[in-house]
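Colleague: I have a new structure open. Please show me how to read its packing.

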Amino acid sequence: MVTMDDYQGKDATWCPGCGNFLILRALKMALVELDIAPHEILLVSGIGQAAKLPHYMKGNVINGLHGRTLSYATGAKIANHDLIVIATSGDGDLYGEGGNHFIHTIRRNPDITVIAHDNQVYGLTKGQASPTSGLGFVTRLQTDGVILSPFNPIALAISANASFVSRGFSGDINHLSKLIQTAIQHKGLALIDVLQPCVSFNRVNTFTWYRDRVYKLGDDYDPTNKIAAFQKSQEWGDKIPIGVIYTQDRPTFEEQLPALKEGPLFKIEVDYALLDNLLEEFI
Amino acid sequence: MQIDFSLVAGGEAGQGVQTVGQMLAKVFVKGGRDVFVIQDFESRIRGGHNFTQIRVKDEPVYAIAEAIDLIIALDKQTIDLHSDKLVEGGALIFDSENVKIEPKTNLFGVPLGEIAIKEGGNKLYANTVAVAAALGLLKYDIEILNNVINESFGKRPEIAQNNIKAAKAGYEYVQKHFGHYNKYELKTIPDAPKKMLLTGTEAMALGAIAAGCKFVSAYPMSPSTGIITYLAGKAKEFGLVAEQAEDEIAAINLIIGAACAGARAMTVTSGGGFSLMVEGLGLAGVMEVPIVIIEAQRPGPATGLPTRTAQADLEFVLHASQDEFPRIILAPGTVEEAFYAMPKAFNLAEKYQLPVIVLSDQHLADSSMTVDKFDLSKVTIERHLLADEEVNLEEYKRYKITESGVSPRALPGQTRALVINDSHEHSEDGHITEDPKIRTEMVLKRFRKLSGAKAEIKPPTFYGPDDAEVILVGWGATYGAIREAVDILNGDGSAAVRNSAQRKMTVAMMHLSEIWPFPTETISNILSKAKKLFAIEGNATAQLAHLIRAETGIAVTGKILKFDGRPFSPGYIVREMDC
């Protein structure tokens, strides 16, 4: 049996009270619950406070460049689809610098879990607006407040035909941990946008702010209805839904790659007899 | 008698100039000749002027000639642009339906479309008629063309038959009307050894398959696109994945992800796309990920000349990225080298866990030449991965400091040992560190890999007399033009160009097809013996000459540079040396 101790990593350098600690704990809990061992997973991240997470637990890791998280995750999954690939990075990484990859990775639908630590602010670079910062959010760079319309990752993911779109809240660790479990078990790209307070740079979207607003989607909500899900994705402000907002069955990217039917790509050997025949075509 | 015959086929984009060229080249190769074929085309799908130039010889041919023996003009422009290069008594076949010119000696009008419709039942066969007409004029064995047609349309015998009928009519038309013309007679050589005819693009794609490349990702960009499209066509058969990325940034980071997970992976691009990949290149450097990048150069900066050739990215690929890390740069000069460069690139990438850049260019990518069949027994796959039982399960360190600089490599998921790949400066176990001592050790460790890699770099090719007074220095796809310029200058070349050359000193070539780590000592030894050195490069600043000066202290003072987007010809080099 895998235990929480198996996932004990280095001490985190996040600010005391940071929402990242709770996401880290929820992820470990989910993996322990699913009895997945550290060597079976590949944690993938880019750059940002959230992107340091893989260093603070156990697992195989690719901690690459800012914004490119989903490219490593997809490439690794193609090379070895036996790996359980979990991308864990921030809103700046996944929605800002990596926006183009976010769209196209959703289109590809590799079987990966994407945990977006969404604190609506840039922490590592000390407090600039993120793509999800609310209108009017004042920073030292957005001195008169944000005037760009906030990015809606849920709506965008649904419109790009994502196979699993959800939202969690780092303040509800049990709910989040269950959500991560469902996401890992989902076949295809599973997005969890995690609401996460930044205790140092976001004085607007605090724990209390979120707690007063989030509510869990109940059994009466049908996450397979795309139109209803799109409607739900527009809900923000006084009431913010958490849980699985949209899910559908869609073939994964790997399933549609003929080469992978023989097993993991990296193990396939060259058929030199076949290649020799191919050379003959040029004679 | 030695044959050295050149023809040009030209027309608008969309007229099938390339098809004419390919058919003719195949016909000559199957008849036992060696050929060299270039494609010259504009960045457009219809209209404009495209041409293909084929040179036929009895021995390996590495470059185009300037003088043309036969022109096949599918449009008027071809005549306007190329007839000044036609040799005395050379022939010009033109489409008498499209092109109206005064009939003159050696101008042979053939109603290509009319014959195609009448005999083959479709105007599409006009290209076949053009090929057959040319062969008729050369009194070449038409059976070989029929074989080529049958091979090309093997699965559609009806189309093959129509083509063969059209070909016969075109051949006979020329014999009937222009049978008196007998300047050339190209005979087939019976029992000549069989050779492959292929482009640099095809050779690199085949080389990647041979090397066990399992994943290729790219964003389409001329002149590199042909590699990924060729591989995509073979993906099912050979068990590989070819993925069109949303941009070049994704392309390089996708392959980095795949390489970290254990697949041999590469991307292909040109200079503009490589610009976007630079950050990923640095990541592969610090994270020690074995990847291969084919950079097929074209003139820049920015969009430049999309379908033309250049050698102006050497210093760029050598220095690309912030800070410093080891990399390897190969620059094959011929189609044959292009094939064997790929397994070497992948083997070195995995042995030293670093990015390997293979520099190509439009001239190498799109030109076809005859080569001996690639010897697959010469290809080895050396992965340098730890066996399961060799992995230290308790304390595996992805970046273990070693004397060679190479850290034993295990793969994620291979065993219980965890593999941590990190973009920050990191400790031996792959975690973030800012410790100045570890940082210093890690930089040194990474650079130690370069000493090992240096010993694997092939010395430059030296061609010509050992004691040559003049050495022409080049790299990459100028190989053929320089080599033949040496022959001409030393008096072995074709008479047409030889007469124009002032031959005073003995000349040799030093050509680099593997550039970095720089083979400093060998190059120093070779160059220090000569009286005069010329750099022959497809750029405006003599980038290899810079590198030679920086690495050896030797100044290459003569410079023959060309940056008009067109390839070097041997004659051009010879003339420039006379200046």
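Modeller: Begin with axes: lines fitted to C-alpha atoms, for helices over the stretch in contact, with angles from 0 to 180 degrees between N-to-C directions. Helices (H or I, at least four residues) and strands (E, at least two) are DSSP runs, numbered from the N terminus. This is a predicted model, where local features need pLDDT of at least 70, side-chain atom pairs count only at pLDDT 80 or more, and totals for chains, interfaces and linings use all residues. Residues are numbered from 1 along each chain as its sequence is written, while chains are lettered from A and ligands numbered from 1 in the order in which they are written.

Colleague: At what angle do helix H3 and helix H4 of chain B pack?

Modeller: Angles under 35 degrees count as roughly parallel, over 145 as roughly antiparallel, 65 to 115 as roughly perpendicular and the rest as oblique. H3(B) (residues 112-120) and H4(B) (residues 126-137) pack at about 110°, axes 8 Å apart. H3(B) is therefore roughly perpendicular to H4(B).

Colleague: Which residues make the contact of H3(B) with H4(B)?

Modeller: Two residues are in contact if their C-beta atoms, placed from the backbone, lie within 7 Å. H3(B) gives B:Leu112, B:Gly113, B:Ile115 and B:Ala116; H4(B) gives B:Ala126, B:Val129 and B:Ala130.

Colleague: What else does B:Val129 touch?

Modeller: Beyond its neighbours within four places in sequence, the contacts of B:Val129 include B:Ala166, B:Ala167, B:Ala169 and B:Gly170.

Colleague: How many residues does the largest nonpolar core have?

Modeller: A nonpolar core is a set of buried Ala, Val, Leu, Ile, Met, Phe, Trp, Tyr and Cys residues joined through C-beta atoms within 7 Å. Buried means 20 or more other C-beta atoms within 10 Å of the residue's own. The largest core has 266 residues, and A:Ala76, B:Val129 and B:Ala134 have the most contacts inside it. Its largest share, 11 residues, comes from helix H12 (residues 335-352) of chain B.

Colleague: Where do the axes of H1(B) and H5(B) stand to each other?

Modeller: The axes of H1(B) (residues 17-30) and H5(B) (residues 142-152) come within 9 Å and cross at roughly 120°. H1(B) and H5(B) are therefore oblique. On the H1(B) side, the contact is made by B:Met23, B:Lys26, B:Val27 and B:Lys30.

Colleague: How many residues of chain B are in contact with chain A?

Modeller: 51 residues of chain B are in contact with 47 of chain A. On the chain B side, H9(B) (248-260) gives the largest share, 9 residues.

Note on methods:
A residue is buried if 20 or more other C-beta atoms lie within 10 Å of its own, exposed if 12 or fewer, and partly exposed in between; C-beta atoms are placed from the backbone.
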